[in-house]
Each structure stands twice: as structure tokens, then as C-alpha cells.
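Thanks for coming, everyone. I'd like to walk through some charged pairs, then the ligand site. Here is the model.

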Amino acid sequence: MQAQKEIIEKLKSEVFEFRANSSEELEKFRIRFLGAKNILKDLYGEIKNIPNEHKKDFGVLMNDLKQLAEAKFEEFKTLKEEKSSAQTKPDLSLPVENFEGSRHPISIVQNKIIDIFGEIGFDVSEAQEIEDDWHNFSALNLPADHPARDMQDTFFVNQNPDWMLRTHTSSVQVRLMEHTQPPIRSIMPGRVYRNETISARAHCYFHQVEGLYIAEKVSFVDLKQTLYYFVKRFFGDHVKVRFRPSYFPFTEPSAEMDIDCQICGGSGCSVCKQSGWVEILGCGMVHPNVLTNCKIDAEKYSGFAFGMGIERLTMLKYQINDLRLFSENDVRFLRQFSGA
Ligand code: PHE
């Protein structure tokens, strides 16, 4: 019995240490331990040489060995199956061939705006969409009961008047000024929210790019030249521009900039309300109170700010007449931008 026991132990450790590195190795293992003429069968033949009182122990040892070999085979067989099923799943890290999608027109225009301002030294700043009262309103010279808060119908979070979905990306300007001393030259693209009824001309969310330039001796001339540069690069040299005086609590003086309607060419249509002009942005010289609120020396520095809606610019550039198309995800609409 001792001799047979030793053989069984040896085979057991062989099974125990076995690792299949290939399917050929696994197949060899299967033939040796589980095949039609496997090595265990020869060993079972030894039972006739075992004294009766040890026959039972021998049987137990042989059974153990057989179970161990079966378990080992199963282990590597499932590994192999997992591997081959993994190979049939798509590898998401591979580069895409025949890419079917296209960028959303809002992204295309946003990237274009970032590129144009980048040419004249503006970098990009971003911040969160859920804002506190200070960054969205108070720091911008809009204290709690200021009537101009009504200009931007606000979504509050959990009806808490301190937390809201930002109504403009001016909040990003505040955050930037709080942490950066001039010179500051940055644009703030992002999504903003206002509680407006959805129609062809208004939506409860849209996208803005605001801009801020603060340094010593910045004047309204700098503001106008920067915005002229932008519209001519964006729409082309033919575009006509006019400024109108306006009011924003965070800028003084304030203005709005119109361009000639790119849809009807200035002759009058529903988009320009028959006027031939379309307002594309608000702007002005940053109010000294805003600088002071953001810990910037208003005696030493001055600056300008502007803000424009990306949807409006996109509609004018691509002759789109309904704002809702941007959020409906209709592929027939989106596909038209695959070459842009
Ligand atoms: N924050 C203003 C708005 O969303 C736009 C603006 C920005 C106007 C900066 C002037 C200066 O309506």
C-alpha cells in the first residue's frame, strides 16, 4: 500500500501544480488524467494487490485524486471560455473606423468661439452649474431685493433661495476674479438655466459664452475692438454691427450689440422681427462695485465684460429658425452638421 500511496501523492501534487498556458497543454492534461485511457485507470488496477483492510483507504485517495483533476480541468476550461468570449466582445479602446456621429452644432459653434478668442489671448474658465446667491447675483451688484433680478427668471434648488441653477456664466467671472489678480483675459462657455416657457425662441436652458478682460487702463474702445474682431471672424467681413445703450447692474456703461440679420439679409423676417437687426450680446465696463466685491482694486484696474447666447449665434450662422431643434436629438437635423 505504501508504494501506491506514494504514487498517488506524486500525481496529486502534479495536478495541484498544473497550470494550462495553452489549450494544447490543457488537452494533454485532460488525456492524462481524465481521458479514455487515463493514468488513474491503471492505478485502479492495483487494487488487487492491496490488502483488504487498506482497500477502502486506497479508494478514498484515488477518489480525491480524480476529483482534484476534474476540478483543475474545469478551472482552466472556464478561463479559456471567458477569454474567448472576451475576444468576441467589442474592444472599446480601439480607434474608431467609419465614425458615424457628428458634433452637435452647439459644440461646433462653442469650439469656434473658443478658437477665435484664443487668437487674441483669451483662455477658458469653467465652474459649476448649481450656484449660490453670492456668485450668481449678489457679487454682481444685484443685492437681494434688486428689481433687476427679475430679468433672469430663476430655478431655485429645493426652493432654497440661496441655491439656484446659474442664470448666466457671469458667476464664473466672479469665481475667477475672487482667485486671480489682473491681468485677466478669459471666456466662460457653459450651460445656463432660466424658467422660461419653451418655444421656437426661448428655452429653459441654453448656452452662453461670457468674456472678461481686466487690466490697467482698459477702456470701451478695447471692448468694441475685441467684439468687432470676434463678429468679423465668426460671420465674415461683410457683417454689419451696431451698439445700443442698455442696462446691466454689473456693467456701467452697458450696451447691447446687434448685427444685420443673417437670415433675411436685413430686409426683415420673423427672426429679426422685421427690423433687419438681431441682438447677439450684452456688454459693458465692469462696475467698480463688482471689482471691489471680488477683491480687485477698482482704483487701479478697469475691465470689460460681455455675454452672448450660443444658440442665437448658431441659428444665425446656420439659418436655423427654431430653438427646440437643438434639444430634440433628431438625427435628420444633427446629420447636417457632420461636415462642419
Ligand atoms: N450676464 C448677462 C446675461 O446673461 C450678459 C452680460 C454679460 C451682459 C456681461 C453684460 C456683461 O444676460
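Start with Arg244. Arg244 is partly exposed, at 27% relative accessibility. For the cut-offs, buried means under 20% relative accessible area, exposed means over 50%, and partly exposed is in between, with a 1.4 Å probe and protein chains only. This is a predicted model, where local features need pLDDT of at least 70, side-chain atom pairs count only at pLDDT 80 or more, and totals for chains, interfaces and linings use all residues. Residues are numbered from 1 along each chain as its sequence is written, and side-chain values use heavy atoms, with hydrogens and water left out.

What does Arg244 pair with in a salt bridge? The partner is Glu256, with the closest N and O atoms 3.2 Å apart. A salt bridge here is a side-chain nitrogen of Lys or Arg within 4 Å of a carboxyl oxygen of Asp or Glu. Arg244 sits in strand β7 and Glu256 in strand β8, so this pair ties together parts 12 residues apart in sequence. Strands are DSSP runs of E, at least two residues; helices are runs of H or I, at least four; both are numbered from the N terminus. Glu256 is buried, at 16%.

Next pair. Arg242 bridges to Asp258, closest N and O atoms 2.8 Å apart. Again we have β7 (residues 241–248) and β8 (residues 251–260), so parts 16 residues apart in sequence are tied together. Arg242 is partly exposed at 32%. Asp258 is buried at 2%. Arg242, Arg244, Glu256 and Asp258 are linked in a network of salt bridges.

The count of salt bridges comes to 13. Another one of them joins Arg175 and Glu131, at 2.7 Å between the closest N and O atoms. Arg175 is in helix α7 (residues 170–179) and Glu131 in strand β2 (residues 130–132), so the pair ties parts 44 residues apart in sequence. Glu131 is buried, at 0% relative accessibility.

Now the ligand. A polar side-chain atom of Ser170 lies 3.0 Å from a ligand nitrogen. For Glu210, a polar side-chain atom lies 2.7 Å from a ligand nitrogen. Arg194 has a side-chain N or O atom 2.9 Å from a ligand oxygen.

Notes: A polar contact is a pair of N or O atoms within 3.5 Å; within protein, one must be able to donate a hydrogen and the other to accept it, and residues adjacent in sequence count only if both atoms are side-chain atoms.
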